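Dear colleague,

I am passing the structure below on to you, together with some notes that I hope will be of use when you open it. Please look through the coordinates first, and then read on for what was found.

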Amino acid sequence: MNLTIISGARPNFMKIAPIIHELNRLKPESGIDFRLVHTGQHYDEKMSDTFFRELNIPEPHVNLGCGGGTQAEQTAAIMVAFEKELMAHPADLVVVVGDVNSTLACSIVAKKLHTKVAHVEAGLRSWDLTMPEEINRIVTDALADYFFTPTPLAGKILRHAGVPDDRIFFVGNVMIDTLLEHRPRFRKPLVWDDLKLEKQNYIIMTLHRPSNVDDSQKLRSMLEAITGASQDVPVIFPVHPRTAKVISQINNGHSQINNFPFAFPGLHLIPPLGYLEFNYLVDNAKAVITDSGGITAETSVLGTPCITLRNNTEWPETVELGTNELIGTNPDAIKPALEILFEGNWKKGSVLELWDGKAAEKIVKHLIHLLSSEPQPLTDSFQRL
Ligand code: UD1
């Protein structure tokens, strides 16, 4: 029995790691082999290789080298390359995770080659079709055969869309497996000593959504609002390549903030960090400011206050039960949110069901069962209705 596992972009790597480790652990008894395909969507050392090393992910069997380009160029390049790959190395099941372009592209290719697809982190919805990720989620879930869900709501959304109960497996949040496993290994990045950072006395920020960073004026207003309201607490900003490109465009080729034509006191731009160093900063921060979805899940488990610069989220549980607040993308909303934080009135999170470090165990148990049982006829999405 053969599995093909897809990984493409940074937020995939912490999701595939525990699944791969569990598959390897059980391989002697299950006999299930896997082929790891890296689409190359993310390709910089700091966006990809560092994660493979730190999370002990084995070298991919193949890297399709499909980084960069527009949404369509990237998706198409991955589809063309993955079709060749899957024809040369047929699989009984393709496992895709999350909601990046690689997830979408490989699901379409697999289904057109009559290969079953299992989606890990299925059923999430932000209900915002301006996000490429939302389109990726909807299409992947319309095609997938098996659905591993991180929350009860995700299962409800899939059932509502007509997915039969016996295809949905509520396993918990696999990203949290990696977080809990590696928490004892989180380590200080260089910037800690360089800036003499102190626990609970700095803010860490990430911004990379096209809607927040592609417009340089908007990005500038956000950075001004954040630094203007951060009350001399340093703001550490590991800069995603997409954001770095915008900063560089308006800054005569420099991606460093100290060369910026406008000043942001207290804002420290650094290159993207690896998993262990980034999460050390998140774990010890006064707060996180972000437009990521995954980080809001991690801060909810670590108990770090999280201010999200988005109008919606595919992880509403992080707002209802976790430490996350959505404040929208208007820079005017930043000051009041930071005031609540500095007054010590940020909400405390509570436990999220099955975000307990055991999701991969459940996923692999189901995969082994699915691959070793008699194939059942699968309904397509129209028959589901
Ligand atoms: C992608 C995901 C997003 C995820 C994010 C995390 C999609 C639609 N979006 O967005 O869900 O939150 O990853 O990082 O899949 N680049 C580099 N080096 C790299 C990677 C990217 O320079 O290692 C450049 C690309 O060439 C491109 C830009 O950064 O110009 C954006 O990369 P891309 O993969 O298209 O989307 P992300 O914004 O990273």
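Please keep in mind throughout that this is a predicted model.

I start with the ligand. Its shell consists of 20 residues, of which His-42, Tyr-43, Glu-133, Arg-242 and Lys-245 are the closest. Sorted by class, this shell holds 9 polar, 6 nonpolar and 5 charged residues.

In the side chain of His-42, an N or O atom is 2.7 Å from an oxygen atom of the ligand, and for the side chain of His-208 the corresponding distance from a ligand oxygen to an N or O atom is 2.8 Å. His-240 also places a polar side-chain atom 2.9 Å from an oxygen atom of the ligand. The ligand would expose 740 Å² if taken alone, and the protein buries 91% of that area. As for where the shell comes from, the elements that contribute two or more residues to it are helix 1 (10-30), helix 3 (71-88), helix 5 (132-143) and helix 11 (241-249).

Finally, two backbone details may be worth checking in your viewer. Lys-196, although not a glycine, has a positive phi, near 50°, and is placed in the loop between helix 8 (190-194) and strand 8 (203-206). Is Lys-196 buried or exposed? Its relative accessibility is 68%, and because exposed means over 50%, Lys-196 counts as exposed. The other case is Gln-231, which is likewise not a glycine and has a positive phi of about 50°; Gln-231 lies in the loop between helix 10 (216-228) and strand 9 (235-238).

Key: Residues numbered from 1 in each chain as written. Predicted model: local features only at pLDDT ≥ 70, side-chain atom pairs only at ≥ 80, totals over all residues. Heavy atoms only, no water. Near = heavy atom within 4 Å. Polar contact = N/O pair within 3.5 Å; in protein donor to acceptor, adjacent residues only side chain to side chain. Areas by Shrake-Rupley, 256 points an atom, 1.4 Å probe, with all protein chains shown as cover. Helix = DSSP H or I, 4+ residues; strand = E, 2+ residues; numbered from the N terminus. Nonpolar A, V, L, I, M, F, W, Y, C, P; charged D, E, K, R; others polar. Buried < 20%, exposed > 50% of the residue type's maximum accessible area, 1.4 Å probe, protein only.
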